[in-house]
Amino acid sequence: MESKLQVKGDNVSMLRTFWRTNAFMLLFLVALYNFKLFIQYFSSFSIASVMTHVRSEDLLSTGLLFDLSQFVFLVIFFHLLWSLVITISCKPWFSIIKHEGIKTQVWLVIVLLHFTLVLAANAYFYPTSLLGFLRNTPMATVAGLLMISVAVLLQFLWSIYSQFGKKVTLTALFSVALLISLLGYRPEPVYTADNNSPNVFIIGIDGLRPDHLNYIDSANNHSPNIDEFISHSTVYTNTYTPLGRTYVAWMSILSGLYPKNHGARFNLAPPELINKEFPLVRELNKKNYQTIYAMDERRFNQIDEAYGFDEIIGPKVGAADAIISGMADFPLINLLSNIPGSSELFPYLNMNRGYGKAYSPNQFNQKVLSKLSSDKPNFLSIHFCQLHWPYTSKDFIDINSAQWKGNYNHFMYQAMLKKVDQQFSDFISSLEQRGYLDNAIVYLISDHGEGFMLKKDEIHNPSIDVNDTLHTNAWGHGTNVMSQDQTNVLMSYRRFNKNVKGLPNIQQIQGNFSLIDIAPSLFEELNLSLSASDTPFDGLSLQQSANLEAERAIFVESSVPFRSINASFIDEKEVIYETASNYEVRDNGRAVIIPSVYKEMVAKKQRAVYFKHWQLAMLPNYEELVLIDTQKQLWYQLSQYKGSAPWRGMLFDLCRHYQHDLGFDQHQHCRQSGIIDDSTSSPSVRHLSYGRQYDIQ
Ligand SMILES: [Zn+2]
């Protein structure tokens, strides 16, 4: 009877310890959360701004609800599990000690030991975490972590041993060791496929501005590895992105079409309006290629299996991304976000560069490499996003790699360029070591540039003194077609062949090119053909670049220009406020532009055409056509322009390209400029109809 009571008393005490641990942990998390708020400049931005702009009806989206609940459930589950481990660790002490006060002290010591271990590990592995305050202390070193881990582990093992005996403890230890080694086992496959079909790699670097590379300006040394790669490539000097937004640019790269023809006019375009079939991917699948699309930030990029790829690598796509990654920086979550299995448990955190403080460039590289086929040819499109706002990284930046000139964004951009350069270099070296470059075609590109309001990017008007009537310069990308630094991109090509000795030299091809030229070039090089139902390519094959007409028009359009982007510093809250009402969250948890708003947004686009070194831009909120001399960095109102620029032909091309676009030509330039309807004349005569009024409500 007495022993029964004793056991019961013990159980109650352990249960109480468990809940007491949970309560203490909750207190600990609240303290950490408040600490984060205290030191973070954009304290409430990530959570509150996003939350307040998720409209109440969006919370009914089952996908979003599921994603958020899964995250919350797992966070609670792992913290309860942790409490359980702490409680179990206390057990043998409690059976020795009878004094309640001392029991509590032992419990407190064990709890604090655990908290210290997790905080120190977080500081060691994720030094830029807001809660990495133990960085640079002896605890956050290999020796310190080993010592605390051993103490914590021994405590736990002793408890298991005293509870279940030697056999169970050893079996458990052995199983855990086996599990860890199995999960960590990554065979390095060597590529052994036949050499007739080359591997094809399109490697994108988000926001990389060509003028920050060495081949444009030899004073640049932000990216030695990328520069080295380019120094053995063919570079297409004047390459433009059809639209400076990641998803749209990639749609154009893979389809060889302008946005008007593939249907994706904005990053979060409604999927039902988009032509998702890429003939390139389809034909390569037919030729037994392993087709992969990999990207380390998919917040604004919806390309997934529905676009024909065998495999998609990267974080999950969904509206929950911004909410979860905005509040996830807690020690235990950071530590769990990169362990084996975390891509299933925390799909919004693992490999997500948007969750910058815990993003591991190496892990993303390894994951992609592990998915390449070793016995089939590979077609891999991979996009590295470290160079994208908000410029955070797991490790601290090397401040000497960038020049501080009072422009925070530009400073961080230069520093992050060094990091993405390292990631690119590691990736290329691994491809080479594993034999994937023995016979391979590599395109290294950027999807858009980035506007930093730099002095050197300014474009002036020689006849208008006060240059405030028109913003030709802007922050960000895709926000202003006149901002050349947003639209100019890198496009380089390199052919790897192990049978050819010696490295090729850089070859710079002059002329105007666009990212839409890649797909038709691959078609030509790999002897693929479009089927009758495919839309013909808008792009031209780069193999013909020597013969390409110098007289080629290239089209560029903007996303929606926001007022808040033109401010001297991007106010994220403003941007969200201005744009959030344009989005809805679908049942699958993805945010998309509301279809009715989509049409209004298309009408607000700026549209432009490039021809030689000229650009002609049509802006919905500016009555004049704008002509830009990109070489002299000068702009003119077309009505005042007296020079010999070939603007008539450019206007014709612009009008023809966008003629059926919603809201195009609101100021009727196509009609006034003398391009008048004459449907009876032959197509060679440059006469077309633009008399139609567009309804843009
Ligand atoms: Zn991008």
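This is a predicted model: local features need pLDDT of at least 70, side-chain atom pairs count only at pLDDT 80 or more; totals for chains, interfaces and linings use all residues.

Me: Where does α5 bend, and by how much?

Reply: The bend is at Gly165, and it is about 130°.

Me: What makes you say that α5 lies largely in the open?

Reply: A residue counts as buried if 20 or more other C-beta atoms lie within 10 Å of its own. Of the 43 residues of α5, the number buried is 2, so the helix lies largely in the open.

Me: How do you know which strands are the edges of the open sheet?

Reply: The order of its 5 strands is β12-β15-β16-β17-β18, with antiparallel pairing. β12 (554-557) and β18 (634-637) each pair on one side only, and they are the edge strands.

Me: Why are β16 and β17 called paired?

Reply: Pairing takes at least two bridges. Strand β16 (residues 614-618) and strand β17 (residues 626-629) are joined by 4, so they qualify as a pair, and they run antiparallel. Gln615 stands opposite Ile628 in β17.

Me: What packs on this sheet?

Reply: Helix α19 (residues 647-658) does, touching β12, β15 (607-611), β16 and β17.

Me: Which residues have the most contacts inside the largest nonpolar core?

Reply: They are Val609, Leu616, Ala617 and Leu627, in a core of 144 residues. Helix α14 (residues 408-433) gives the most to this core, with 9 residues.

Technical notes. Residues are numbered from 1 along each chain as its sequence is written. A nonpolar core is a set of buried Ala, Val, Leu, Ile, Met, Phe, Trp, Tyr and Cys residues joined through C-beta atoms within 7 Å. A residue is buried if 20 or more other C-beta atoms lie within 10 Å of its own, exposed if 12 or fewer, and partly exposed in between; C-beta atoms are placed from the backbone. The bend at a residue is the angle between axes fitted to the seven residues ending there and the seven starting there. Two residues are in contact if their C-beta atoms, placed from the backbone, lie within 7 Å. Axes are lines fitted to C-alpha atoms, for helices over the stretch in contact, and angles run from 0 to 180 degrees between N-to-C directions.
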